[in-house]
Amino acid sequence: MIDPYPTRLPHPAAPIARIEPTVWGTANTGPLDQGALDGYSNAGHLLQPNTVTGARRADLDDELRSIAASLDTSDPRIIREADGSIRSIFEPHLISAAVKQMTELDTVLPVAQQILGGEVYIHQARINYMSAFTSTGFYWHSDFETWHAEDGMPTMRAVSCVIALTDNYPHNGTLMTINGTNRTFYPCVGATPADNHATSLAGQTVGVPDQETLTAAAKQGINQFVGPAGTGFWFDCNTLHGSNSNITPFPRSNLFLVFNSVDNRLVEPFAAPKPRPPYLGAR
Ligand code: 6CS
Ligand code: FE
């Protein structure tokens, strides 16, 4: 298969204009109206208040603690900060029935199907805990760049649905996206080390855009995901995003559900020695 988005190169390469649409469906194939679809296509993200409400929203806090407690401390799906606190847990939808139900809400699954233009499956799911006081952020990156290089995701036909599990403020490690970056692929320099995910999930150094690229891209504006627990936030697989550290007393825990089109199934990695484990890229 010809690689449309070469990355992890030995030398810098020019940005590549996105080949595929950002929105694959239409206004009459799901709950989002034309304005919402156009906004998502232009900005690369879309805020959806009240994605999880009522009783389901109320028991989210309990779920956060019970998921962590239900795993063996050496479970590879638990990613820890340097101080040992939990940074992320992968596959929460296979661990918790409450999280599994969120993947099927009317405010979630039909939106993913509409954006991706058909049947979808969960490529990856995780809870980023962004604990109080000492949690560290995520440097700027495109998820698709990693999923293409390390998981073998062929094209840009995937979307992340973020559900705030705690209140997201501007000051507690908020998720930031750079407007419009869904429409440009930024090749990165540096080959993928073997078993890169053993370190990349606690601090990504490979597959990050250079500062010249970020300076130019940021001129389009940096958006912060802010909202109470239960708020939803959709962003395209290729949208550049990152988050600051959280030194406040308020944890910023978010559930990330990554939907991939069934017509975009993973093949061999485009720039890595071998595929990553299924809890990072479902096969
Ligand atoms: O490597 C990955 O798949 C993960 N890394 C980041 C920083 N975002 C997407 C995903 O969780
Ligand atoms: Fe990411």
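The model is predicted: local features need pLDDT of at least 70, side-chain atom pairs count only at pLDDT 80 or more, and totals for chains, interfaces and linings use all residues. Residues are numbered from 1 along each chain as its sequence is written, chains are lettered from A and ligands numbered from 1 in the order in which they are written, and side-chain values use heavy atoms, with hydrogens and water left out.

**Cysteine burial.** Colour by relative accessible area, where buried means under 20%, exposed over 50% and partly exposed in between (1.4 Å probe, protein chains only). Cys 161 is buried at 0%, and Cys 188 is buried at 3%.

**The nonpolar cores.** A nonpolar core is a set of buried Ala, Val, Leu, Ile, Met, Phe, Trp, Tyr and Cys residues joined through side-chain atoms within 4.5 Å. The largest has 35 residues, and Val 108, Ile 163, Trp 234 and Leu 255 are among those with the most contacts inside it. Elements that each supply at least two residues of this core include helix 1 (34-43), strand 5 (120-128) and strand 13 (254-261); helices (H or I, at least four residues) and strands (E, at least two) are DSSP runs numbered from the N terminus. Next, centre on Leu 255. Not counting residues up to four places away in sequence, its contacts (heavy atoms within 4.5 Å) include Pro 92, Met 102, Arg 126 and Cys 161. A second, separate core of eleven residues includes Phe 144, Met 153, Ala 158 and Cys 237.

**Strand 4 and its partners.** Two strands pair if DSSP finds at least two bridges between them. Strand 3 (residues 78-80) is antiparallel to strand 4, with three bridges; Ile 78 has Ile 89 as its bridge partner. Five residues separate these strands in a hairpin, and Gly 84 in the turn has a positive phi of about 95°. Three bridges also join strand 4 to strand 5 in the antiparallel sense, where Phe 90 is partnered by Arg 126. Five of the five residues of strand 4 are buried, so this strand is largely enclosed by the rest of the structure.

Finally, select the four strands ordered 6-12-8-10, which pair antiparallel. Strand 6 (138-141) and strand 10 (222-224) stand at the edges, each with a single partner strand. Within this sheet, Thr 177 stands opposite Asn 223 in strand 10.
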